[in-house]
Amino acid sequence: MTEHLEDILGTVRALEPIELQLLDAQGCVLVEDITVSLSLPPFDNSSMDGYAVRTADVEGASEEFPAVLTVVGDAAAGQAEQYTVGAGEAVRIMTGAPLPPGAEAVVPVEWTDGGTGGGPAAGMNPHSAAPEGASGEVRVHRPAPARAHVRDKGSDVRPGDLALKAGTVLGPPQIALLAAIGRGTVRVHPRPRVVVISTGSELIQPDEVLAPGQIYDSNSFAMTAAARDAGAIAYRVGAVSDDAEELRSTIEDSLIRADLIITTGGVSVGAYDVVKEALAHVGDEDEPGSGVEFRTLAMQPGKPQGFGTIGSEHTPLLALPGNPVSSYVSFELFVRPAIRALAGLPDLHRPTVRAQLVLDKAVTSPAGRRQFLRARHNEGTATLVGGSGSHLIAALAHADALVVIPEDVTSVEPGAEVEVVLLG
């Protein structure tokens, strides 16, 4: 199992960087340091709705003895016109508006009468409904020290500052910063494109009517969702019948939009294991190491596995078993790390913890195989969900962890400390 994962990670490489628009780069890994080219904020601005004043004019102000100032105009965010604050004057100012020339502080509107001549104001009258708000007088009931309620130019970042380092994963806060400093595009490792193909003549799509011997195709939905969760752009081809030529044709058609292909089913030793039949001899004789190799791993579930590269671009292909639990466990152990490696992401694997196993009685594990059991993890304990059968998909839906039983352990007692892989 370890060797299989090493072979996969030794083959896949982070995708070549491309320039993307900001929203298209969400979830991607930055490949360049981003240096700030302007100050944030780009100018001194108000952090409150209120009045821009000179500190000397409001010194000692109180409700009993308010400072009475002449309002000479409005300052709103994005407004081109500017008013200068002189002695005994004020400018009605909105949050985010530039601090007017001459002003030294902002007095919140709640510290004033709002220009009404009454008591403390709860807010400002809309400019359109009360043009007198931008003229007349305002009574200020409290003093304000210099720079009160003023956001200083460059108090966030200054030109030359390092905004983001190469290797940063771009989430909403990082995209906000890039937009705020004027970057509309960035160079990143793109999200890998993953094509998911399930195999089996018995498979039909949800909402269709089941005929005798048929089952619904859940694997292609599970693998597509899991690939997206891992950071990929995933395309679900759906189910292909047990026909080697049809499968080869489907894979060839998918190569144009794939950085990675996932198949499920058809990798064991049965007479209808079509993936093995279709892919066992697709290697390029001129390219050492190309082609798909099928292996039997010392693990349960997920014993049969396939991995290799196909096509002129040597696109990686991972062939997973068809049982739903087997394919999902295989995805978590092998495919998810491959997707994240292609994306250039730093953390390839799910986190693991040690936890106490909650059991009614001892559980057994096959000698020589590493077993992965579905479980619920909660504050240092792990409780098994469902049985060990690789077809029990309902139990998987209620699990958020995998309990790992090592190859050399054949029985685990209640209360034993075990390794737990956290899935969510």
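1. The charged end of arginine 236 sits over the ring of phenylalanine 221, 4.0 Å from its centre. A second case is arginine 142, whose charged end lies over the ring of tryptophan 111 at 3.9 Å from the centre. The criterion is NZ of Lys or CZ of Arg within 6 Å of the ring centre and within 35 degrees of the ring normal.

2. This is a predicted model, in which local features need pLDDT of at least 70 and side-chain atom pairs count only at pLDDT 80 or more, while totals for chains, interfaces and linings use all residues. Residues are numbered from 1 along each chain as its sequence is written, and side-chain values use heavy atoms, with hydrogens and water left out.

3. The largest nonpolar core has 36 residues, and those with the most contacts inside it are Val194, Leu318, Phe331, Phe334, Val335 and Ile339. Such a core is a set of buried Ala, Val, Leu, Ile, Met, Phe, Trp, Tyr and Cys residues joined through side-chain atoms within 4.5 Å; buried means under 20% relative accessible area, exposed over 50%, and partly exposed in between (1.4 Å probe, protein chains only). Elements giving two or more residues to this core include helix H1 (2-11), helix H4 (219-229) and strand S26 (401-405). Helix H7 gives the most, with 11 residues. Apart from this core lies another, of 18 residues, among them Ile197, Ile261, Val274 and Ile310.

4. Helices (H or I, at least four residues) and strands (E, at least two) are DSSP runs, numbered from the N terminus. In H4 the buried residues are Asn219, Ser220, Met223, Thr224, Ala226 and Ala227. They cover an arc of only 165° around the axis, and therefore lie on the same side of H4; the arc is that of the directions from the helix axis to the C-beta atoms. The face turned away from this buried side carries the exposed residues Arg228 and Asp229. The buried residues of H4 pack against S13, strand S16 (233-240), S17, S21 and H7, contact being heavy atoms within 4.5 Å. Glycine 231, with a positive phi near 110°, follows H4.

5. Glycine 344 is found in the loop between helix H7 (324-342) and strand S22 (352-358). Glycine 344 is partly exposed, at 25% relative accessibility. Not counting residues up to four places away in sequence, glycine 344 touches Ala14, Val29 and His189.

6. Aspartate 74, in strand S6 (residues 67-75), is buried at a relative accessible area of 9%.
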